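Here are some exercises to work through with the structure open beside you. Try each task before you read its solution.

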Amino acid sequence: MVKYSTVKKKLKIAVDRATDNGLAHLTHYFQNHVNGVSQHYRKPATEYLSLLSDELGLVEEPQMQMLLPMKFDVPFPPPVEYDFTFIDLFAGIGGFRIPMQENKGKCVFTSEFNFHAQRSYELNFGEIPFGDITTLDLDIVPKHDVLTAGFPCQPFSISGKMKGFEDTRGTLIYNVFQIIEKRHPKVIFLENVKHLIHHDGGNTLKTILKDLEDLGYKVSWKLLNASDFGVPQNRERIIIIGHKSKKFDFTKLKTKPKPVLKDILEIEGEFEFLNEPYTILDDYKVQESGLIFIGYRNKSIRKAGVRPGTIHLSRVHKQPNRIYSTDGLHPALPSQESSGRFWIYHEGKVRKLTINECYRIMGFPDKFKKINNTGELYRQIGNSVCVPMVKEITKQIKEQLL
Ligand SMILES: C[S@@+](CC[C@H](N)C(=O)[O-])C[C@H]1O[C@@H](n2cnc3c(N)ncnc32)[C@H](O)[C@@H]1O
């Protein structure tokens, strides 16, 4: 595992031509045209417009607003008045953006290279994210108060291959460091999977923290659980916060009592019931995490060598076979699966969560617009971040660090 100072000279930055990110320039230009940030986007946005239509020629700001069918009727428009600015890196579907805006933050730059996530982002925020962070011309990124990044977790997660910095996705954090080095945001706000703590015997986390300190930040981190912030999901994530002169105090975060799954279920919906044999246990207990493992699918299993009376244990070893009671929490929605929900037992029936329920247990408001196919929607929400948790952290960032 290599320090940022060693690799940074090797990082190749391709110049971001206007035509590659034309719509991103244009939408960022529109949403920032009164706050002085638009200078970053003006030239390529105008070039893009000229490319689109010779008749329009060089168009000035007010005309652009009138002539183009841009999306301002979005569920999560930027706040008209704001207290701080932020950038949304690895933006996904905007799990950071919703709570940052709710705390009166104004997003001045976004980057996300997945086409489906970009479409969802545009539909909800009216802005198209810039693409691949590794090929960005960093001059485009404006100065900002808070940098947020839920950088890709597969290289560090148990369900991925855990290659960490050897995986190219694991080195994306260096691209974040480049932006920090160039723009010196007041606050850095990073999020990743729990396993980052243990990856490479703790070395990976140590290096990230040391690199941030070398960049001039005082850093603190903590493992937080979404279920402590009002959603019925057992989802542990590491949060790393850096500031130029103060350490963020995690003890000031206000937590809530853990809710249960049945509080957020849809009354009606296209439910996917389990239509194969299963067993519901008479004897079950609430786990420390808040999960209630209450049964399992009767999948055929290898019986050789299994001690009598423990057959169900080898069945339940596999997560997709397990059934959880709605009197408890749902396990963490996985990020890499297109059917990332587990079986739940509710009012005598076994079914999976609906898409809407999945978005609810991440704390997304019901007005969030969902496009794309079902598999893509599950992947996107499993990749995202718990909205109320980010909201509470942002509130404390404002109080303590801004
Ligand atoms: C863990 S997810 C973050 C999700 C986000 N926090 C949200 O609320 O939806 C990481 C995201 O990084 C994006 N990504 C991965 N590599 C990227 C790159 N080189 N440039 C831009 N985005 C990238 C992925 O498509 C994915 O959506």
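**Exercise 1. In which sense do strand 12 (residues 343-346) and strand 13 (residues 349-352) pair, and over how many bridges?**

Solution. Keep in mind throughout that this is a predicted model.
- Step 1: Strand 12 and strand 13 pair in the antiparallel sense, over four bridges.
- Step 2: Pick one bridge to look at. Ile-344 has Arg-351 in strand 13 as its partner.
- Step 3: Now turn to the hairpin. It has two residues between the strands, and Glu-347 takes a positive phi near 45° there.

**Exercise 2. Find Gln-287. Which residues is Gln-287 in contact with, leaving aside neighbours within four places in sequence?**

Solution. 
- Step 1: Gln-287 belongs to the loop between strand 8 and strand 9.
- Step 2: Count the C-beta neighbours inside 10 Å. Gln-287 has 13 of them and therefore counts as partly exposed, because a buried residue needs 20 or more and an exposed one has 12 or fewer.
- Step 3: With neighbours within four places set aside, the contacts of Gln-287 are Ile-292 and Phe-293.

**Exercise 3. What is the strand order of the six-strand sheet, and why is one side of strand 2 and of strand 5 left without a neighbour?**

Solution. 
- Step 1: The six strands make an open sheet of mixed pairing, in the order 2-1-3-4-7-5.
- Step 2: Strand 2 and strand 5 (218-225) are at the edges with a single partner strand each, so one side of each lacks a neighbour in the sheet.
- Step 3: From one strand to the next, the twist averages 20°.
- Step 4: Seven of the seven residues of strand 2 are buried, so strand 2 is largely enclosed by the rest of the structure.
- Step 5: Follow the partners of strand 1 (residues 84-89). Strand 1 runs parallel to strand 2, with six bridges, one of which pairs Phe-84 with Gly-105. Strand 1 also runs parallel to strand 3 (residues 146-149), with four bridges, and Phe-86 stands opposite Val-146.

**Exercise 4. Which residues of helix 6 (residues 115-125) are buried, and what covers them?**

Solution. 
- Step 1: The buried residues are Ala-117, Gln-118, Ser-120, Tyr-121, Glu-122, Asn-124 and Phe-125.
- Step 2: Their cover includes helix 5 (97-102), strand 2 (105-111) and helix 11 (374-383).
- Step 3: Just after helix 6 comes Gly-126, with a positive phi of about 75°.

**Exercise 5. How far does helix 7 (residues 172-183) reach from its first C-alpha to its last?**

Solution. 
- Step 1: Helix 7 has twelve residues, and 16 Å is expected at 1.5 Å a residue.
- Step 2: The model gives 17 Å, close to that expectation.
- Step 3: Among the buried residues of helix 7 are Ile-173, Val-176 and Ile-180.
- Step 4: His-184 follows helix 7 and has a positive phi, near 45°.

**Exercise 6. How many residues surround the ligand, and how do they divide by type?**

Solution. 
- Step 1: The ligand is surrounded by 22 residues, and the closest are Phe-90, Gly-92, Gly-95, Gly-150 and Ser-384.
- Step 2: The shell divides into eleven nonpolar, nine polar and two charged residues.

Terms used: Residues numbered from 1 in each chain as written. Predicted model: local features only at pLDDT ≥ 70, side-chain atom pairs only at ≥ 80, totals over all residues. Near = placed C-beta within 6 Å. Nonpolar A, V, L, I, M, F, W, Y, C, P; charged D, E, K, R; others polar. Contact = placed C-beta atoms within 7 Å. Pairing = 2+ DSSP bridges. Axes fitted to C-alpha atoms, helices over the stretch in contact; angles between N-to-C directions. Expected span 1.5 Å × (residues − 1).
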